[in-house]
Amino acid sequence: MKRNVLTAPVLKTVRWGLMCLALCLASMPANAADEMANTLVYAGENEDTINPLLNNHQELPTIIFSGLMKYDAKGQPVPELAESFTYDKGAHTYAFKLRNGVKWHDGKPLTVEDILFTYEALTKDKTLASSITSNYEDIKSITAPDAQTVVFTLSKPNAAMLDNFTIGILPKHLFAGKDINTAPANQHPVGTGRYKFVEWDTAGGMIILEKNKDYYGKVPNIDRIVYKTVAVESTKALMLQSGEADLAWLNAKYADTFRGKDGYKNIDFATADYRSAAMDFHTDFWKRNGDSIGVLNYALNKDAIAKSVLNGQGFPAFSPIQMNAGNKAADIYSYDLKKFAAEMEKLGWKKGKDGIYERNGQKFSFTIQVRDYEEERVDIAKVIANELKKAGVDMQIVLVTKFDWKAGYNGFLAGFAAEFDPDGVYKDFVTGASDNTMAYSNPKVDELLKKGRATEDPAQRKAIYGQFEEAYAERPGHLLVAYLNGNYVSIAGLKGLDTARVLGHHAVGVMWNIEDWTLNR
């Protein structure tokens, strides 16, 4: 059953907002009203920091900042701030020749010092609260032999290094001598990208950008972006319906309410974004029972979840790199309750009088936290809990407004994505890596992910990552559920969104070709 998107109280609020907006537009000078005609209003995610080192899987850093490299339509790294580069395989050395004349949005010139500062922060700043530092652990030295050249020497081969050179560069003149985690520039970002920051209205929940007329590449057609910071999924649908937004990423059920509706378009992207129950190995429960995560897959009807909760806009997940590797030999679990019961018995679990499995005096009962405003995740968690309960496992859902990592919950309903290179999961699953927040540890997984990163031959890499998928499936840290399509909805007059590229977590990356978009109201 589809949700009734607009309730009476919400409609009243929306109508009041539209009336205020109409009065505001009516009082504008004619030229100001004309300017709104080429302003894209995007209902996005909540933001509190805009910094590519700290928020690398959010949308705004990708259009405000530029990296040495960028991703093309096929997800391959190509030069961006670098005019060109060379790679000395024997010396494991990358040398980048910078573009001439690139300026920061505040008018100051981009220099090699900015490149050195950014990468020294990623490799040397132990206080940096970044999830991506493990991507740069193989950098041994960074030098600038002249004003247009930056040279990176690696300690060993790293086949994913060009991907990692896509990270946005920070302006040294705004961050030097400051704590990067808390610097004022995080709320007043200055980059070299296609759009530049104008204003952050925290009270009104919007971030205003305008196109960078001095951009070294193709200058965008759309003059301004008003990025509305929205947490609640239903609110984004309401904003589209009421005319308060031109574009939004919606969950599958809300997106389907717009299909075939006059004045709107549905744009469906492939993503590498999967949902899972991520188990926290800091907790005693999983320290004792981590061997029993994989078997839970037998009790989960993933096809049914994809068809029901995702309205068919997704498919079952068996691997965290399924979209860029996808070794079918790692798809070792089917929906089979008899097999589940047999495997549980092998692991030493016995059903108690209440129908819940027990082992060593402990019930198979654990807690998973889910953010209450993420309706689709809440729905997924409820289905998982119901199906596991039928099989004899008690998964308790704890709804939270913000994840609480100190409360002792046994995990959370997670979303992750490695949309480009399979090395994207290195930071998530290698023991002690920078984004391995759940303390997962598997010696075989460590070995294969390190080997895959250090192997430059494509065929050999593919085989190694296939082995990783099999090793991870045998002893996983997540109960993988489903991959999601990236369901975007826009007004009919927005054109140019290109579905050629696979999107990332939260369907981030939709603006990869925003310079080609046009808006006609």
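Here is a short chat about reading a few features of this predicted model.

Trainee: Let's start with the sheet. How do strands hold together, and what order do they take here?

Mentor: In general, strands of a sheet pair through backbone hydrogen bonds, either parallel or antiparallel. Here you have an open sheet of seven strands with mixed pairing, in the order β8-β9-β10-β1-β11-β22-β12. Its edge strands, β8 (195-201) and β12 (264-269), each pair on one side only. On average, neighbouring strands of this sheet are turned by 20 degrees against each other, direction ignored.

Trainee: Which way do β1 and β11 run, parallel or antiparallel?

Mentor: Parallel: strand β1 (residues 39-44) is joined to strand β11 (residues 247-249) by two bridges. Look for Y42, which stands opposite L247 in β11.

Trainee: What does helix α7 lie across?

Mentor: Helix α7 (residues 233-242) lies across β1, β10, β11, β12 and β22, and runs at about 155 degrees to β11.

Trainee: Now the rings. Which residues form an aromatic cluster?

Mentor: One cluster is made of F85, Y87, Y94, F96, Y119, Y136, F152 and F165. For a charge over a ring, go to R453, which lies over the face of Y426 at 3.5 Å from the ring centre.

Trainee: And G477, is that buried or exposed?

Mentor: The cut-off for buried is under 20% relative accessible area. G477 counts as buried because its relative accessibility is 2%. You'll find G477 in the loop between α15 (458-474) and β21 (478-484).

Trainee: What is G477 in contact with, leaving aside its neighbours within four places in sequence?

Mentor: Its contacts include A277, F281, I293 and Y440.

Note on methods. Residues numbered from 1 in each chain as written. Predicted model: local features only at pLDDT ≥ 70, side-chain atom pairs only at ≥ 80, totals over all residues. Heavy atoms only, no water. Pairing = 2+ DSSP bridges. Helix = DSSP H or I, 4+ residues; strand = E, 2+ residues; numbered from the N terminus. Axes fitted to C-alpha atoms, helices over the stretch in contact; angles between N-to-C directions. Contact = heavy atoms within 4.5 Å. Phe/Tyr/Trp six-rings, centres within 6.5 Å; stacked < 30°, edge-to-face > 60°. Lys NZ or Arg CZ within 6 Å of the ring centre and 35° of its normal. Buried < 20%, exposed > 50% of the residue type's maximum accessible area, 1.4 Å probe, protein only.
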